[in-house]
Amino acid sequence: MWPGFSRSRLALGPHLTDSRAFASALRAGVRRIGFCFAYFAAWMLYFAILRAAFLLYHFAAARHAGVAIAWGTFFHGARMDMAATAYPAVVVFAFTALSLFLPRTGAWLVRWFTALMVTLLTFISVLDLELFRAWGYRIDASILRYLNTPKEMFASAGASPIWLLLPLLVVLLIVARLGFRHFFRAELRGWQRVWWPVAIPAFALLGGLCWFLYYPARGGFQKMPMTQSTVYFSRDAFANQAAINASWNFFDAVFWRTYDTTNAYRVLPAEEAAATVDSLLQRGGPTRSLLRVARPNVIVILWESFSAKVVERLGGVAGVTPNVDSLIRDGVLFDHFYASGDRSPEGLTAILGGYPAQPTTEIIQHPRKSASLPALSRELKHAGYRATFYYGGDPEFTNFKSFLLQAEFDSLVTAEAFRPGDRHSSWGADDHVVLGRLQADLVQMPRPFFVTLFTLSSHEPFVVPMKTVIPGSDETSRFLNAHRYTDQSIGDFVRQARTMPWWDSTLIVILADHGHRLPMLDSLQPSRKWETFAIPMLWLGGALAVRDTVIHQVGGQADLPATLLAQLGLDGSRFGWSRDLLAAGAAQWSWFTFTDGFGVVTDSGAVAWDNVGKRIIAQSGNGGSREIRHGQALLQRLIDDYVKR
């Protein structure tokens, strides 16, 4: 039987008319609620102490970041500290509610649970101190893989300054223990059973507080739950890492993230897979130059859900993108081009990092992995470009911000740069507003510049600030109408850009972040999976040496970095998964992944494969077993690479 539980404690207590008893019970109930707020604040203070310990342990890096940046880690990291606090707090709040009826039991549970959590989280935080020094990222679930090899784990630990870490662990535990005893020991000893007319509403209120902790646990009231990007605030990598709460990062990895430690897609002999991938990614001969300017300014416009099915020139619905249809005659169109995946984060890492999408995870969700990727922005910065990213939405969406900061963009122009009145969609500022901001900024932007702009108005729910052009209230009509709006916004941007002095030395690349299932065209078979991934890529600008040209080379998003860098005369060898599509003899193929499956497209056929069912789910032309082997080899090698990062 739990301590403090007895039949005598079930008595209903004094009569309701006893005002003194009622007042005493009311004070006891208020103290319970006050205890909960104090308990939450105590954990916040302790996490601040742990962050201070982290900064002191890595004093050289903190000093290099600067005093202001170091202090900023406390302010920006507080949001993640609140999330980390919410989890033990919800348990203690529940125990506190129980104590209204069983005070000794509730107090006992609070003491022992708190002691357990303090010990566990302090140990994680102290372990993180040395892991960060060795690995360069905060502790996450990847450490669990070493539990299977304890000999190697302890051998590695032998190089750690145990003489410093153990005393630090003891000191922090003593500080936490003494602090808890000082603030809460007397309170817990004084807990008494509360008279039921007060206990019942107090219990309901404490239950409400438990429910409300859902919001700090997810990082606030915003649309998307918190990620590491939420606390990123600086171009200094150490400062961003210091803002992360080590305990939150560890348990987030354990319970919510997919940290692959093995490759479930090894179906081919390693030698065969390696040889196949090497032949597919083999560098071609001399590249075909499309530019008349050696080092032009570069603007990459990522068009949300820009499917080939909305472009008439590519066999799509007529009248949706009249501006693009017109611009094609003045530029270079890649008409056999495919998205790497079916979500924005996958498109972003493919286009800027040259890294293909994975079928069951996204590398952008794991900052320590995505930090190891090459970045188009970083390469161009080293060549003298200034890199800026424009997006009218929240940069914390699926860890965009961490990836962009790691990619060394000089500045991010995102949601907070725009007025609330500029947002007709719940996602953020309207496309024409963001493009207008870019147009204004380009006048003063240092050259050469590299700009990436990500549109959002053509994302669900397809709400745009334009008179309806394509009538209908159904989903397909709203989807098409949203693309009609973005097409008009980009068309207006290009028309104005032609009048600017920077136009003659600028290349504009327009492509999608991914395709879309809509519209479902009658002429397309539902089983033609690759039609969902088919997207346009259009090159425009005064820097082009050719016009009204169509490139029939089969390729995809991950090929943009190598292709673009070759045009600029820069080395693209760091992008091992990217091919120069304009090189002589470039192989005709592209591939994409979807949830536990992949597709391969060549100039003679296509095939889509279900990894779970081990079967073909779509097939066209000469696509067959050969393409499946190619896709399996690519996926096997990709996940091998992903696991190692």
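This is a predicted model: local features need pLDDT of at least 70, side-chain atom pairs count only at pLDDT 80 or more; totals for chains, interfaces and linings use all residues.

Visitor: Where is L281 found?

Guide: L281 sits in the loop between α11 (270–280) and β1 (297–303).

Visitor: And what does L281 touch, leaving out residues up to four places away in sequence?

Guide: L281 touches G576, W577, R579 and W589.

Visitor: Let's turn to α11. At what angle do the axes of α11 and α21 cross?

Guide: The axes of α11 and helix α21 (residues 625–644) cross at roughly 100° and come within 9 Å. That angle makes α11 roughly perpendicular to α21.

Visitor: Which residues meet there, between α11 and α21?

Guide: From α11 you have A270, E272, A273, A274, T276, V277 and L280. On the α21 side they meet R629, H630, A633, L634, Q636 and R637.

Visitor: What does R629 form with E272?

Guide: R629 and E272 form a salt bridge, with the closest N and O atoms 2.8 Å apart. This pair links distant parts of the chain, as R629 in helix α21 and E272 in helix α11 are 357 residues apart.

Visitor: How many salt bridges does the structure hold?

Guide: The structure holds 24 salt bridges. One of the pairs is E396 with R79, where the closest N and O atoms are 3.9 Å apart.

Visitor: Which residues are linked in a network with R79?

Guide: E396 and K401 are linked with R79 in a network of salt bridges. E396 counts as buried at 12% relative accessibility, whereas R79 is partly exposed at 29%.

Visitor: Switching to the surface, which residues make the nonpolar patch?

Guide: L45, I49, V171 and V175 make a nonpolar surface patch of about 310 Å². The elements giving two or more residues to this patch are α1 (19–57) and α6 (162–189). V175 lies in helix α6 and is partly exposed, with a relative accessible area of 40%.

Visitor: One more: where is N481, and is it buried or exposed?

Guide: N481 is in helix α18 (residues 475–497). At 6% relative accessibility, N481 counts as buried, because the cut-off for buried is under 20%.

Methods. Residues are numbered from 1 along each chain as its sequence is written. Side-chain values use heavy atoms; hydrogens and water are left out. Helices (H or I, at least four residues) and strands (E, at least two) are DSSP runs, numbered from the N terminus. Contact means heavy atoms within 4.5 Å. Patches are made of residues with over 30% relative accessible area and no salt bridge: like charges are joined within 9 Å, nonpolar side chains (Val, Leu, Ile, Met, Phe, Trp, Tyr) within 5 Å. Accessible areas come from the Shrake-Rupley method with a 1.4 Å probe; for residues, only the protein chains shown count as cover. A salt bridge is a side-chain nitrogen of Lys or Arg within 4 Å of a carboxyl oxygen of Asp or Glu. Buried means under 20% relative accessible area, exposed over 50%, partly exposed in between (1.4 Å probe, protein chains only). Axes are lines fitted to C-alpha atoms, for helices over the stretch in contact, and angles run from 0 to 180 degrees between N-to-C directions. Angles under 35 degrees count as roughly parallel, over 145 as roughly antiparallel, 65 to 115 as roughly perpendicular and the rest as oblique.
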